[in-house]
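Please have the sequence and the coordinates open while I talk.

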Amino acid sequence: EMLRSLVGSEMCIRDRDIGTYESRGMLIDENMIPVADCSVTHGMDHPQEGWFEHDADKVWWGDFCKLCRLLLEKSNIRSDEIRCVGTSALGTDCLPVDKDCNPLRPAILYGIDSRAEEEIKWLTQYYGDDVKKMFGHPICTGDTATKILWLKNHEPENFQKTEKIMLPKDYVAYRLSGVFATDCSDAAGTLYFDTKNRRWSETMLSV
């Protein structure tokens, strides 16, 4: 409830980064001068070779809540003095959520997770010579689409329950606002976004 009330007039909590092993936050004033800066560490699950995961509620949302509390305590700023909250985080992860935005499994992390090698090969063969023209780079472990296809192939029950695929900062933003949204940069990393026309790709969504 405290986080939902962070609407004031003078300060901004800036969650600088929810990273692989650590999250860092900063409180800045209206002149963009840092008032407080702190960080918290977290773990990363490694259930088997090539797999790397985060518990979205414990790590992404949990760290965000911890940072907000620490920044307010460290700065002696009241929550009603906070005007806005910003967040950034790991990029092309894959967190499947149900219709109520409850995570269905731990988030599959960005390019360090290599479980989707077969899906990469399949997509590369499927698009053939058009791969670089469509995406600007060879399909790789950093592309969220490969992880979604892995989910479809290996965890069909979770895939059927999936209402949306969330990226880290977007999951935190949803928990704060109730709004599902992302930005063009992160959307491009999913492979589902047509960067030239700035819209979701019907070609990729049909796969």
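This is a predicted model: local features need pLDDT of at least 70, side-chain atom pairs count only at pLDDT 80 or more; totals for chains, interfaces and linings use all residues.

The stretches involved are residues 56–75 for helix 1 and residues 168–177 for helix 6, whose axes come within 10 Å and cross at roughly 65°. Because angles of 65 to 115 degrees count as roughly perpendicular, helix 1 is described as roughly perpendicular to helix 6. On the helix 1 side the contact is made by A56, D57, W60, W61 and F64, and on the helix 6 side by P168, Y171, V172, R175 and L176. Of these contact residues, eight are nonpolar, none is polar and two are charged.

Let me turn to another pair. Helix 2, residues 117–127, and helix 4, residues 144–154, have axes that come within 9 Å and cross at roughly 110°, and they are therefore roughly perpendicular to each other. This crossing, too, is right-handed. Here E119, I120, W122 and L123 of helix 2 meet T146, L149, W150, N153 and H154 of helix 4, a set that divides into five nonpolar, three polar and one charged.

Helix 4 brings me to the pockets. Which element supplies the largest share of the lining of the largest pocket? That is helix 4, with five residues, while strand 8 (164–166) and helix 8 (202–205) are also among the elements that supply at least two residues each. The volume of this pocket is about 620 Å³, and of the 23 residues that line the pocket, I148, I165, Y192, W200 and L205 are the closest to its centre. By class, the lining has 17 nonpolar, three polar and three charged residues.

The second largest pocket has a volume of about 340 Å³. Its lining consists of 16 residues, with M134, F135, F193, D194 and T195 nearest the centre. Helix 3 (131–135) gives the most to this lining, namely three residues, and strand 9 (193–194), strand 10 (199–200) and helix 8 each supply at least two.

Definitions and conventions. Residues are numbered from 1 along each chain as its sequence is written. Side-chain values use heavy atoms; hydrogens and water are left out. Axes are lines fitted to C-alpha atoms, for helices over the stretch in contact, and angles run from 0 to 180 degrees between N-to-C directions. Helices (H or I, at least four residues) and strands (E, at least two) are DSSP runs, numbered from the N terminus. Angles under 35 degrees count as roughly parallel, over 145 as roughly antiparallel, 65 to 115 as roughly perpendicular and the rest as oblique. A crossing is left-handed if the near helix is turned anticlockwise from the far one by less than a right angle, and right-handed if clockwise. Contact means heavy atoms within 4.5 Å. Ala, Val, Leu, Ile, Met, Phe, Trp, Tyr, Cys and Pro count as nonpolar, Asp, Glu, Lys and Arg as charged, and the others, Gly among them, as polar. On a 1 Å grid over the protein atoms alone, a cavity is a set of points where a 1.4 Å probe fits but cannot get out, and a pocket is an open set with protein on both sides within 12 Å along at least five of seven lines; lining residues have an atom within 4 Å of a point. Grid points are joined across faces, edges and corners, and a volume is the space filled by probe spheres set on the points.
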